[in-house]
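Here is a short walk through one structure. Follow along in the sequence and the 3D view.

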Amino acid sequence: MRDYHLLYLISGLLNRLAESNMHNIASQIENLYMNNSRNDMNETLTSLITESLVSEVITPERLLMEHVILIIILHANVGTEVGAHFLQCVVKKFDEFLDANHEVENKKLDNVVNIISQLYNFKLFDAKLLYDILYKLTKKFEEKHVECILHILRSVGFTLRKDDPLALKNFILDIQKQAAHASNETKDNPRVKFMLDILLAIKNNNVTKIPNYDTSYSEHLKKVMKGFIRKGNYVTQLNISLEDLIKADERGRWWVVGSAWAGNFSENTEKVEKTGTTGDFSEKLLALAQKQRMNTDTRRNIFCILMSAEDYLDAFEKLLRLGLKNQQEREIINIILHCCLQEKQYNPYYAVLAQKFCEYDRKYQMTIKCSIWDKLKSLGEHSGNQLSNLAKMLTYLFIEKGLPISTLKIMEFSELDKVTLRFMRQILLGILLHKDNEACLSVFEKVAQSDKLKLFRESLRLFIHHFLLRNLKSGSILEEHKSLLETRAKLVEKVLVSKENKVKF
């Protein structure tokens with residue numbers, strides 16, 4: 001059942017949405033996110049925007065872009081769940097309309113495709129998903145689908161060429177082959193001919209061959225958008241496939257890769273089930289809690305919520321509603337860490353949830369830092385799999401600013417054993433090879449600003465030089481990563497020595 005007061009408030013804001021008041025409206029919606037259930041906000045915002053943009057007539061590009069920009073700003077300032085939820089719902093509509101065989105005059109599918117194209121244009125997700133959608137459209141190769149392919153190519157074709165030229169080349173070859181084997185009626189269709197011309201123009205990077213091609217407003221909005229995203233935040237680009245989004249209800253959502261995380265603790269543990277009554281848990285889940293030594297009511301409740309939640313937001317809200325205080329409250333972080341380490345394969349669910357608590361209140365950040373310090377002091381007591389899970393979790397928290405990299409300052413860099421060396425290598429490689437250059441460098445910027453961290457700063461610099469760069473020829477680092485690693489290492493070194501350079505001058 002919808003919250004009609006919330007619906008009224010958001011509807012009023014969206015009705016007034018324009019570039020001139022974008023910042024003000026985004027701030028008001030952000031405040032609503034702070035004071036209401038995230039799930040309710042996501043569902044209300046998504047339903048109102050899709051109702052506004054997806055109709056049987058084509059939606060004006062300017063109006064569509066302004067709504068997409070709003071989603072991107074909230075995705076950066078509020079959290080990635082905003083953009084992820086919106087994207088999942090829009091892609092589901094794409095799948096639904098694709099199978100509905102709408103007439104060419106009905107523009108619902110066109111509008112959905114245009115929304116997805118603009119979400120890609122403003123960097124919500126990477127090229128992989130859009131190529132999945134293009135290939136899905138080519139399967140039927142009817143007039144409606146060709147028209148939708150044209151929408152994508154005309155709006156973001158050159159961006160696709162820039163982001164993944166090899167994938168575009170393969171797509172062009174595939175569609176040319178398909179057109180060659182099509183019926184004479186399809187070959188003679190003006191839309192098909194026009195599409196092949198557009199593909200050739202994009203392949204040859206020839207903008208002049210595309211009628212009415214104009215990206216000036218799009219580029220203008222990108223510049224405007226940067227001013228609305230708070231300092232330290234950035235647009236996290238989602239790396240997700242079409243199949244993952246369409247089957248999200250079966251496999252789990254993007255932030256809980258693998259979906260059924262509760263079943264990974266042992267070979268013979270089946271996927272746990274939730275009971276229908278609030279506050280109760282299934283016998284299987286309670287048995288799993290007992291096996292994991294959750295020997296108090298508090299620990300059992302936390303563990304069962306973690307294992308049975310729909311996603312990390314559901315877990316976050318339910319854990320807060322437990323109303324725990326002091327030591328009991330700290331158990332939340334301890335059990336998140338415990339579960340993360342126990343997984344047979346790393347599950348980002350725990351890292352995203354830990355990040356959420358770090359953002360919510362500084363006390364959780366301090367708790368997780370202390371818990372991590374305890375783990376770091378006893379690395380040798382953990383299995384290789386547990387250390388790998390911990391390293392990946394820390395990499396995520398450092399990149400997302402849940403924890404500063406100075407958390408590692410208790411490590412004795414002068415006395416590194418094999419276990420600690422592997423652990424540190426995994427973390428630093430994860431940061432240095434991260435897809436976002438700005439996010440990578442920002443991890444080290446705070447370290448460079450502190451006089452107290454001079455020794456740690458130098459230790460990091462030497463570790464990168466001796467244990468990462470010197471191993472480039474060993475074969476332990478993939479060939480395609482070597483160039484990026486060298487470039488990033490040089491940039492990071494400049495950041496780390498910037499403090500000393502300022503002192504000298």
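Start at Thr215, which sits in the loop between α11 (190–203) and α12 (216–228). This is a predicted model. Is Thr215 buried, exposed or partly exposed? Thr215 counts as partly exposed because its relative accessibility is 28%, and the partly exposed class runs between under 20% for buried and over 50% for exposed. Now look from Thr215 to Leu341. The two are 126 residues apart in sequence. In space, their C-alpha atoms are 47 Å apart.

Next, find Asn121. Asn121 belongs to helix α6, which spans residues 108–121. Its relative accessibility is 5%, so Asn121 counts as buried. Which residues does Asn121 contact, leaving aside neighbours within four places in sequence? They are Val156, Thr159, Ser218 and Lys222. With Ser218 there is also a polar contact, side chain to side chain, at 2.8 Å.

Move on to the annotated region. An unreviewed UniProt entry carries the annotation "domain: MI" for residues 297–413. That span is 71% helix and 0% strand. The C-alpha atoms at the ends of residues 297–413 lie 40 Å apart.

Finish at Thr395. This residue is placed in helix α21, residues 384–399. Is Thr395 buried or exposed? Thr395 is buried, because its relative accessible area is 11%, and buried means under 20%. Not counting residues up to four places away in sequence, Thr395 touches Gln426, Ile427, Gly430 and Ile431.

Technical notes: Residues are numbered from 1 along each chain as its sequence is written. This is a predicted model: local features need pLDDT of at least 70, side-chain atom pairs count only at pLDDT 80 or more; totals for chains, interfaces and linings use all residues. Side-chain values use heavy atoms; hydrogens and water are left out. UniProt positions are given in the numbering used here, feature names are shortened, and annotations may be inferred rather than shown by experiment. Helices (H or I, at least four residues) and strands (E, at least two) are DSSP runs, numbered from the N terminus. Buried means under 20% relative accessible area, exposed over 50%, partly exposed in between (1.4 Å probe, protein chains only). A polar contact is a pair of N or O atoms within 3.5 Å; within protein, one must be able to donate a hydrogen and the other to accept it, and residues adjacent in sequence count only if both atoms are side-chain atoms. Contact means heavy atoms within 4.5 Å.
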